[in-house]
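Biologist: I would like to go through this model with you. Could you bring it up, please?
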Amino acid sequence: MSLSVPIRLSPPHFDGREMLYVQQAMDEGWVSQGGANLDKFEQVLGDYLGVEHVAALNSGTSAIHLALRLLNIKPGDYVICSSFTFVASANPILYEKARPIFVDSEPATWNMDPGLLQDAIESSLKMGHKPAAVIFVHLYGMPGKIEEIARVCQEFEIPLIEDAAEALGASWKGKKVGTFGTLGVYSFNGNKIITTGGGGALVSGNKELIDKAKYLATQAREIAPHYQHSEVGYNYRMSNIAAGIGRGQMEVLEERIKKRRLIFDRYMKEFRNDSGVSLLCELPGAYSNRWLTTMLFDREKTGIDRNDIMIHLEKHNIETRPVWKPMHRQPVFKEAKCFDNGVSDGLFKRGLCLPSGADLTDTDLDRVIEFIKKLL
Ligand SMILES: *Cc1c(COP(=O)(O)O)cnc(C)c1O
């Protein structure tokens, strides 16, 4: 066992004015719902994204759940979702007792394949049911083929939810991802590119949708001095304390992205010429936030597989993690239909997420690279 300091995958990183804003919230006595931090955080996030309406929430998962509620998803409805993602993208479909249809990835960005999406929609239509929504994920901060996806959704008049939980700050042809669809979702969980401790946001160009989201997120409380409720709501709002952390983090977001991109560049430089190893490149027009650097290991060429590398690095106190296991391979979704081309299965077999935190030092990075090189 090595005694060296642990190197984590993507730890939270605070060195800004988070405490100042949190202290203000405490001093003013606004620590739960409502307060200056919450208003300001929503405004700053909206300005950054170039989107007009923002609801700050207590998680990315609640943002996806509200998106489904806003689009009137009903029990038995079909909702198309990326298969290659974290389970939070798809769980809310089951909350509403709707039925997920998973769609596999294309190899260039690892995100949902637009051609396969079209197949999934046409096949559903043939069977007499039109999908009620599409949940498209920009995984690991890499923009997917969002213009093509949006075109397919428009052609069939199906609302598009963009799960940009991992992709805050990423853009496609200069437009931020999460702002192409009817609704966009972000997460500020502790491991994401910036954090509020736990939190999320739902954004849209449509004011009515975001007003309704804020209403549903506060127990669907109607405007009346007595508490009046005509439909079921949730306790999904972000607290003014969390929003204070978020304000501090928004001020350093660009720095964080720059740092994570530099970390990717370094891995790329070191492994570019190694056979059997590959990294995910940006398509022309894509700008990734490089939330996590991911690497594929081809066992035939390297003689070692993803799991061996992970276990070995763990012994040296270096945290890595397999890429997400596709949703169509998860027992909880065993009844769901999948339009499967084998791409996400292949990625899952070979892919590993490498330490990518913005506080990673050059020495840490040297250590990670040295250990992987030794194994290859
Ligand atoms: C983290 C994440 C979410 C959920 O966000 P939480 O804030 O943890 O609820 C949703 N989708 C993806 C792809 C994520 O990585």
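Modeller: About 3,800 Å² is buried between domain 1 and domain 2, and carbon and sulfur atoms give 66% of that area. Buried area here is the accessible area (1.4 Å probe) that two parts lose on being put together, summed over both. This is a predicted model, in which local features need pLDDT of at least 70 and side-chain atom pairs count only at pLDDT 80 or more, while totals for chains, interfaces and linings use all residues. Residues are numbered from 1 along each chain as its sequence is written, and side-chain values use heavy atoms, with hydrogens and water left out.

Biologist: Which three residues supply more than any other three of the area that domain 1 buries against domain 2?
Modeller: Trp 110, Tyr 140 and Ile 193, which supply 21% of it.

Biologist: Where are the domains?
Modeller: Domain 1 spans 18–250 and domain 2 spans 253–375; these bounds come from an automatic or database domain assignment.

Biologist: How many residues does the contact take from each?
Modeller: Domain 1 gives 47 residues and domain 2 gives 39, where contact means heavy atoms within 4.5 Å.

Biologist: How many salt bridges are there between domain 1 and domain 2?
Modeller: The count is zero, a salt bridge being a side-chain nitrogen of Lys or Arg within 4 Å of a carboxyl oxygen of Asp or Glu.

Biologist: Changing topic, which residues of helix H12 are buried?
Modeller: In H12 (residues 343–350), Val 343, Ser 344 and Leu 347 are buried, meaning under 20% relative accessible area (1.4 Å probe, protein chains only).

Biologist: What covers them?
Modeller: The cover includes strand E12 (293–297) and strand E15 (351–354).

How values were computed: Buried means under 20% relative accessible area, exposed over 50%, partly exposed in between (1.4 Å probe, protein chains only). Helices (H or I, at least four residues) and strands (E, at least two) are DSSP runs, numbered from the N terminus.
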